[in-house]
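Here is a short report for a reader meeting this chain for the opening look. Please keep the sequence and the 3D view at hand while reading.

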Amino acid sequence: MAGGKIRKEKIPRSGGGGTGAGNHYQGGVSFHKSKGQHILKNPLLVDSIVEKSGIKSTDVILEIGPGTGNLTKKLLEAGKMVIAVEVDPRMVLELQRRFQGTPFNNRLKVIHGDILKCDLPYFDICVANIPYQISSPLTFKLLAHRPAFRCAVIMFQREFAMRLIAQPGQNLYCRLSVNTQLLARISHLLKVGKNNFRPPPKVDSSVVRIEPRKPLPPVNFKEWDGLIRLCFNRKNKTLGSIFRQKSVLSLLEKNYKTLNALQLSQDTTSQDTEIAELAALGDGDAEMEVEDERNDDEMEVEEDNAATDKAAFKEKILGVLKQGDFEDKRSLKLTQVDFLYLLSLFNKAGIHFS
C-alpha cells in the first residue's frame, strides 16, 4: 500500500525460486500469495489475452496490477499508451527499470497506489490480471467510471467469472449476475489453469470481456439494488414468501410512509436529503414522552389502527405481485426484463426500495 512501511525481503543467494514459504521470485522480486500476486508465466497465454482484447493502435490501455511487466510489454506493443496502476512499490520500481531506456518508456505511465482508491484517468480499454480479493469492488468501480470505456478484459477467479455470466435458472445466478448484466454485456473468453501462474494459485481462473451498456437502462439504481437485495436474500423462495416477511413489510411500509409525507411537502430540496432529514426527526425519546401521556383506551385504539394499516399494506404488496404474476415465481429464474417490470409495478403503487 502507498505510504506504508515496506518490510525488507531476503533474496536467496542462488538464482532459483525463493526458499521462504509462499514466496516466488522473478528478477529478484518476491511474489506474495497473500497479496494476490500471481504473475502470468505462459507467453502464449499473454499473447492470447492481448489478441482477444481487440486493442487498437490508438488505444489508451489501463492495466491493473502489472507486476513485473510481462503483460505490460505486449500491451505497449499493441496500443498507444499504457497506464499501469500498482500498489506494491517494489513492483513499481521493477516495472520502471524494465522499460527505462527502451522505446516504450515514454508510452508507459505508472501510478503507484491502490486501484480502489485512485482517481482513474481516461482510458479506452482495460486489460488486467487482478488480485482476486478485489474482484467485486473493482468491477463496479470500472463500470461507474466516466466517460465509459469501450471494454475490459480481466482475469478473475473462475467461480467469480461464472457468477458474472450466469443466466436465470443456473445455480450461480445471483445478485452479482443481475447487477453486472444490467450495466454491461459480459462474455467468457477463455479458461486459465492454475499452472500458468507463478506462484500457482489454489483455483483456476477465467478471462472475461466486459462491455459497458451505452446508454444505461433508465432506472434508479438505488431502487434497483434495494429490490435485488431483497429478492436474492432468499433466491430459492417464492417472491410471495419473501415479501410476506415481517422485516421486509416493515421496511417497505416505512419507506412508503416517508415518501408519502414528502409528497405533501412543497420543499424543492432533493429527495435523498429530505428523507434523511425526516428520518432524523424520529431520533431520541420524544415519541416515548407523548405515549406516556395517553390513557389505555387511546393506546388500544391506536394499536388496532396500526394493525389494520399493516394488514392493508401487506395486501397492497401482495396485490402488486399478483398483478404481475410474480407471487409464485423465484428470483433464481427471473430475467433482467422481469426485474425491471416488477420494479415499475412497485413504483407505480408508491412502493420504493431506497
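Phe221 lies in helix α7, which spans residues 221-232. This is a predicted model. Is Phe221 buried, partly exposed or exposed? Its relative accessibility is 35%, so Phe221 counts as partly exposed. Leaving aside residues up to four places away in sequence, Phe221 touches Leu182, Leu183 and Leu216. Take Leu182: 39 residues separate Leu182 from Phe221 in sequence, and their C-alpha atoms are 9.9 Å apart.

Now the chain as a whole. DSSP runs give 13 helices and 11 strands. Of the 354 residues, 44% are buried. The chain exposes about 19,400 Å², and carbon and sulfur atoms supply 50% of that area. Consider contacts between residues at least 6 apart in sequence: 67% of them join residues at least 24 apart.

Next comes the sheet. Seven strands form an open sheet with mixed pairing. The strand order is β6-β5-β4-β7-β8-β11-β9. Which strands sit at the edges? They are β6 (108-112) and β9 (184-192), and each pairs on one side only. From one strand to the next, the twist averages 20°. Helix α2, residues 70-78, packs on this sheet. It touches β4 (60-64), β5 (81-86), β6 and β7. The direction of α2 makes about 175° with that of β4.

Within the sheet, look at β7 (residues 125-129) and β8 (residues 151-157). These two strands run parallel, and five bridges join them. Ile125 stands opposite Cys151 in β8.

Helix α1 covers residues 43-53. Which of its residues are buried? They are Leu45, Val46, Ser48, Ile49, Val50 and Ser53. The cover over these buried residues includes β3 (39-40), α2, β7, β8, β9 and β11 (205-212). Asn42 caps the N-terminal end of α1. A side-chain oxygen of Asn42 lies 3.0 Å from the backbone nitrogen of Leu44. Gly54 follows α1, and its phi is positive, near 65°.

Some positions also carry an annotation. An unreviewed UniProt entry marks a "binding site" that covers His38, Leu40, Gly65, Glu86, Asp114 and Asn129. Glu86 sits in strand β5. Why does Glu86 count as buried? Its relative accessibility is 6%, and buried means under 20%. Beyond residues up to four places away in sequence, Glu86 touches Gly65, Pro66, Gly67, Met91, Val92, Ile111, His112 and Gly113. The Glu86 side chain reaches the backbone nitrogen of Gly67 at 3.2 Å.

Asn255 belongs to helix α9, residues 246-264. Asn255 has 15% relative accessibility and therefore counts as buried. Not counting residues up to four places away in sequence, Asn255 touches His352, Phe353 and Ser354.

| Residue | Relative accessibility | Class |
|---|---|---|
| Glu86 | 6% | buried |
| Asn255 | 15% | buried |
| Phe221 | 35% | partly exposed |

Conventions: Residues numbered from 1 in each chain as written. Predicted model: local features only at pLDDT ≥ 70, side-chain atom pairs only at ≥ 80, totals over all residues. Heavy atoms only, no water. Pairing = 2+ DSSP bridges. Helix = DSSP H or I, 4+ residues; strand = E, 2+ residues; numbered from the N terminus. Axes fitted to C-alpha atoms, helices over the stretch in contact; angles between N-to-C directions. Contact = heavy atoms within 4.5 Å. Buried < 20%, exposed > 50% of the residue type's maximum accessible area, 1.4 Å probe, protein only. Areas by Shrake-Rupley, 256 points an atom, 1.4 Å probe, with all protein chains shown as cover. UniProt positions renumbered as here; feature names shortened; annotations may be inferred. Polar contact = N/O pair within 3.5 Å; in protein donor to acceptor, adjacent residues only side chain to side chain.
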